[in-house]
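Hi,

Here is the structure I promised to pass on. My notes follow below it.

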Amino acid sequence: MAKRPMTNIEKVTHIMSYSNYGALAQMFVMEALHKWSGIVSKASPKQIGIGFVSGEAWIGVAKEIQKGLNTEMTIEDRELDEEDLV
């Protein structure tokens, strides 16, 4: 079977799921998202632009991530059937 590099989503999922430090890895990733999105969202577009991505785009995505982190997100769990409890 051929191997391929992990996607970014797969990497983050792996980092948050398979750490020798357990849930501390999840806390680290969430804290990094909070801090970095806060720093970027307060920067000027000239400070944060990296060439092929404009400063405005970086600031926009930072604000979007901050909003997501500060919003209670829910997901519907399927209801357990009686047979699932056996």
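Which helices each supply at least two residues of the nonpolar patch? They are H2 and H4, with helices being DSSP runs of H or I of at least four residues, numbered from the N terminus.

Before the rest, some housekeeping. This is a predicted model, where local features need pLDDT of at least 70 and side-chain atom pairs count only at pLDDT 80 or more, while totals for chains, interfaces and linings use all residues. Residues are numbered from 1 along each chain as its sequence is written, and side-chain values use heavy atoms, with hydrogens and water left out.

Back to the patch: Met30, Leu33, Ile50, Phe52, Trp58, Val61 and Ile65 make a nonpolar surface of about 630 Å² (residues with over 30% relative accessible area and no salt bridge, nonpolar side chains joined within 5 Å; areas by Shrake-Rupley with a 1.4 Å probe; a salt bridge puts a Lys or Arg side-chain nitrogen within 4 Å of an Asp or Glu carboxyl oxygen). H4 gives the largest share, three residues. Val61 sits in H4 and counts as partly exposed because its relative accessibility is 31% (buried is under 20%, exposed over 50%, partly exposed in between).

Now H4 itself, residues 55–70. Gly55, Ile59 and Ala62 are its buried residues.

Cheers

Technical notes
The expected span of a helix is 1.5 Å times one less than its number of residues. Buried means under 20% relative accessible area, exposed over 50%, partly exposed in between (1.4 Å probe, protein chains only). Patches are made of residues with over 30% relative accessible area and no salt bridge: like charges are joined within 9 Å, nonpolar side chains (Val, Leu, Ile, Met, Phe, Trp, Tyr) within 5 Å.
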